[in-house]
Amino acid sequence: MGKKQKKPGTGKQKTERKTAKAEEKKSRREEKKISQEDDIDAILANIQKEEAKKKEVHVEEHVPPPSARCNCSVTVNPLKETELIIYGGEFYNGDKTFVYGDLYRYNAEKREWKLISSPNSPPPRSAHQAVAWKNSLFIFGGEFTSPNQERFHHYKDFWRLDLNSNQWEQIQLKGSPSARSGHRMVLYKHKIVIFGGFYDTLREVRYYNDLHVFDLDDFKWQEIKPKLGSLWPSPRSGFQFFVYQDEIFLYGGYFKDHVSDKDGSEKGIVHADMWVLDLRSGEWNKVKKLGLPPGPRAGFSMCVHKKRALLFGGVVDMEVQGDVLRSLFLNELYGFQLDNQRWYPLELRKGKATKDKTRGQAKMALQSGGSSTKRKDDEDAPSEFKETKAFKAFDLEDVCHNNSLEMTEVDEEDCQQLANKVTGKLSIDDQFDITEYSSNEKRDSQSMNSEAMTLVTTEVVKPCGRINACIVVGKDTLYLYGGMMEIGDQELTLDDLYTLDLNKLDEWKCVIQASKTEWVEASDDEDDESNEDGDINEGDSEEEEEDGNEEENESDKGILGVEDAAAILRGEGRKLRRKDRRAKIDQIRAELGLADSQRTPLPGETLKEFFSRTNLYWQMAAYEHTQHTGKELRKDGFDLAESRFKELKPVLDELTKLEAEQKTEEEEDAKNMLKKKGKEKAKHSVLHR
């Protein structure tokens, strides 16, 4: 997905600033007043000159990881499933855009990076696509953005990288797809299949829904066109495309619809439909949503592992107050069973054996008076006793009620059928005595003191919410690299790397932590607006100072986890200025996925009430791990719900207190403002008499 697909992150003022800036850029384009820095033809010509100087392949060993970037490609080497190949991408620092054309190879076993430099390499690009076949990596299309984002150049070139020699070659054949980015490309047997994408003409953005196939045996392009009266997906970009047996699935995507001819306004549409293509017949069919599907979102990522497709992340814009929008960046994980075409949430496993062993360890520590003496079994505790923390999901109903996103209806009957029978064996037990179970759990927990519990509690690692993450599967391991999220007005480009064992589904492992990236602050246009705001709010010097410092504080914010969020709220939260405190609250809510009522306790809700309200979700998630039915399944679901409840309770308690204080202060400020306006009105009335 290119720049055109990035979602707005705040409210009306930010939207107005972006609109004004876009109009100014459009005006400069039309008048052809493009600066030398935005002369794409000249930039690409200089890059080509530098490339011509390369005479041989150079492999640099043991280099640092790639710099932060998004919209790059990550591909598993078919010759070695533990090696990742990363190419291209872009980075935006708030002022300039940097587009990359470097090639990295990462050995996951040794955790070593190689930087490859080859003659005749493709020019830098982002939002392209890559697939690997035998000893070759193929890439097609993508875009190059000028530093000031004034102009875009879309590629229609097709390249092959020999994975043995690291040599590039351009494949120039007739019948290839037109220039584009944001398209998707998959490998089906000995064929490369390309669908969709977009092309920015500077005056408008064109979206495609054409289908092209490249035969790797015959080295020929073929366009498959719809038959008269046949079903066909609408134009889009940024969707997901994946293969299972003889079928190719398409899910979601983004499209800008032209709304008004007068002002040239456009409306972004987030698709939530799913299609399946039978490449043997060239026919598309719609896939009905069954099970518990994810809500509509943009910028999510998908890949395939055995008989299921995995979905991670994405963003949803939620209207919170009037015209104010909040972007919710998601880090939930969903599964799509490919053989029966049903959706279900994927939660990290919290096995019964681990839980029993945890209790036994704590009781033993309690009996020994908290002795630090370790038995041989205890040496493995850090990996075996990690408490599982559930992924942040997003409630489908909340999305429907709070967003204007277009989506396909989900049958309540289908959800109930899935609850009763996922693969023909699942039954939900509604007679499970939650009171008895929760009271037993309470008695067990009261029998252990906090000192004993610290022996078996370790910090849980998981990726933060993001869009456009690169996810691939190699040797039953899910690799998640990079992506982008927003904090306030800032776009945070990520360069972290996580892995997840898809056979165990027990814990995320952070291989590379996200680094702190540079962000260049407000432009002249924003400074002018700040001055105008100062004139309007004359005499309110404290508010101006808060506005000035808000962005400085914003740049210091990191990616928060549950472990430190409560501590931040107790300490730093109460010391912050009012506006900074509101930003901190919004940030924590967004990053922890607290807008998800399906997986977040409501204010004042007990564990029993929380599970009673959300038990269907948790039983569905538990079934993926245990395959239990009836009371056993309900107990498994309760374990997951309890873990989530205990995880979030300290944060929610602190948020409730802090938001109450915030509300009180805001109400007092509103009263003082009314009094001030009343005095000014009386003063003006006296002067005009």
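Begin by selecting strand β2: Ser73 and Thr75 point one way from the strand, Val74 and Val76 point the other way, and all are buried. Buried here means under 20% relative accessible area, exposed over 50% and partly exposed in between, with a 1.4 Å probe and protein chains only. In a regular strand the side chains alternate between the two faces of the sheet. Strands are DSSP runs of E, at least two residues long, and helices are runs of H or I, at least four, numbered from the N terminus.

Before moving on, know that this is a predicted model: local features need pLDDT of at least 70, side-chain atom pairs count only at pLDDT 80 or more, and totals for chains, interfaces and linings use all residues. Residues are numbered from 1 along each chain as its sequence is written, and side-chain values use heavy atoms, leaving out hydrogens and water.

Two strands count as paired if DSSP finds at least two bridges between them. Click on threonine 75 and its bridge partner in β3, isoleucine 85; valine 74 stands opposite isoleucine 86. The hairpin linking β2 to β3 passes through six residues.

Zoom out and you'll see an open sheet of five strands with antiparallel pairing, in the order β1-β7-β6-β3-β2. At the edges are β1 (58–61) and β2 (73–76), each pairing on one side only.

Jump to β30, residues 490–501, where 11 of the 12 residues are buried. On the β29 side (residues 477–487), 10 bridges hold the antiparallel pair together, and methionine 485 stands opposite leucine 492 in β30. Two residues separate β29 and β30 in their hairpin, and glycine 488 in the turn has a positive phi of about 65 degrees.

Next, show β31 (residues 508–512), which runs antiparallel to β30 with four bridges between them. Leucine 497 has isoleucine 512 in β31 as its bridge partner. This hairpin has six residues between the strands, and leucine 505 takes a positive phi near 50 degrees.

**Rings**

Colour the aromatics: the structure holds 31 aromatic pairs. Rings of Phe, Tyr and Trp (its six-membered ring) pair if their centres lie within 6.5 Å; planes under 30 degrees apart are stacked, over 60 edge-to-face and the rest tilted. For a group, select Phe138, Phe140, Phe158, Phe214, Phe219 and Trp221, which form one aromatic cluster.

**Last stop: the cores**

Which residues have the most contacts inside the largest nonpolar core? Select Phe242, Phe249, Met274, Met302, Phe336 and Trp343 out of its 28 residues. Such a core is a set of buried Ala, Val, Leu, Ile, Met, Phe, Trp, Tyr and Cys residues joined through side-chain atoms within 4.5 Å. Helix α14 gives the most to this core, with eight residues. Finish with a second, separate core of 19 residues, including Phe312, Leu346, Leu480 and Trp508.
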